[in-house]
Amino acid sequence: YKDSLVLIFWGVIEQSLRSLGREKHILKGKITIENNIPLGMGLGFSAAFCVAITRWFVFLGLVSDAELISFSTRMEDYFHGLSSGVDVLGVMSSKGVYVLSGNNHSFIDTVWAPRLYLMCSDRLSVTSECVKKVNAIHASQPTVAKEIDKNMHRAVGLAMEGLRRPGDVGFKNLSEAICLAQTCFERWGLVPDDVREKINFMYKS
């Protein structure tokens, strides 16, 4: 990812400096970036990257510490067109975060930590394109869109309830939440056939 990181780095830096009315020639020295988050795999690379760069800007005195969340979110617009800020909050928190909108969020106190195993889909995705698909459904099929959103909201509630309950009850709630959320992604048209096959394989395992 070395070449990709260089392009992403300067793209984000130049856009962010422009928003501050600054030029990149004010930056001096050498910066080393160590990254172990795959790009385009839905694991939050853009949020982690933007938070790291914003913390550097805070160190340089270009941004105040109070602006860490808001500036990181605006910086992530470079990747998504318009960032929700959800991943930024997730990156910065050691706890689960329930986000309603913008800075309206609360932390989730959990009583257990599930063992989650990830399987690589070998698919790269661009978040902005996924957002366009969802927005297109809202524009062309508002009733369907509201139904999907309602189910996703229920999935989030089940997940939070599951993490707050110990034992089999909590596990059942979380499992149901994951399955319900999966159907939402499928109805949004965000699950290619080959990925669906891998998902079905995991369900049967």
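**Entry: helix α3.** I then looked up burial in α3 and found L68, F71, S72, T73, M75, E76, F79 and H80 buried. Buried here is under 20% relative accessible area, exposed is over 50%, and partly exposed is in between, with a 1.4 Å probe and protein chains only. Just after the helix, I noted that G81 has a positive phi of about 85°.

**Entry: basis.** This is a predicted model, in which local features need pLDDT of at least 70 and side-chain atom pairs count only at pLDDT 80 or more, while totals for chains, interfaces and linings use all residues. Residues are numbered from 1 along each chain as its sequence is written, and side-chain values use heavy atoms, with hydrogens and water left out.

**Entry: rings.** I found nine aromatic pairs in the structure. W56 and F57 have ring centres 5.8 Å apart and planes at 55°, so I logged the pair as tilted. The criterion is that rings of Phe, Tyr and Trp (its six-membered ring) pair if their centres lie within 6.5 Å; planes under 30 degrees apart are stacked, over 60 edge-to-face, and the rest tilted. F57 is buried, at 0% relative accessible area. F185 and W188 make an edge-to-face pair, at 5.4 Å between centres and 90° between planes. In that pair F185 is partly exposed at 38%, whereas W188 is buried at 12%. Ring pairs also join F9, W10, W56, F57 and F71 into a cluster; I had already listed F71 among the buried residues of α3.

**Entry: K24.** What does the charged end of K24 sit over? It sits over the ring of W10, 5.1 Å from the ring centre. The test asks for NZ of Lys or CZ of Arg within 6 Å of the ring centre and within 35 degrees of the ring normal. K24 also forms a salt bridge with E14, with the closest N and O atoms 2.9 Å apart. K24 lies in the loop between α1 (2-19) and α2 (45-60) and E14 lies in α1, so the pair ties together parts ten residues apart in sequence. Both count as partly exposed, K24 at 42% and E14 at 29%.

**Entry: other salt bridges.** I counted ten salt bridges in the structure, each a side-chain nitrogen of Lys or Arg within 4 Å of a carboxyl oxygen of Asp or Glu. E176 and R154 form one of them, with closest N and O atoms 3.2 Å apart. This pair links distant parts of the chain, with E176 in α7 and R154 in α6 (residues 142-164), 22 residues apart. E176 is partly exposed at 33%, as is R154 at 44%. R196 and E186 meet at 3.6 Å, N to O. R196 lies in α8 (residues 193-204) and E186 in α7, so this bridge ties together parts ten residues apart in sequence. I logged R196 as partly exposed at 25% and E186 as partly exposed at 29%. E186, D193 and R196 are linked in a salt-bridge network.

Technical notes: Helices (H or I, at least four residues) and strands (E, at least two) are DSSP runs, numbered from the N terminus.
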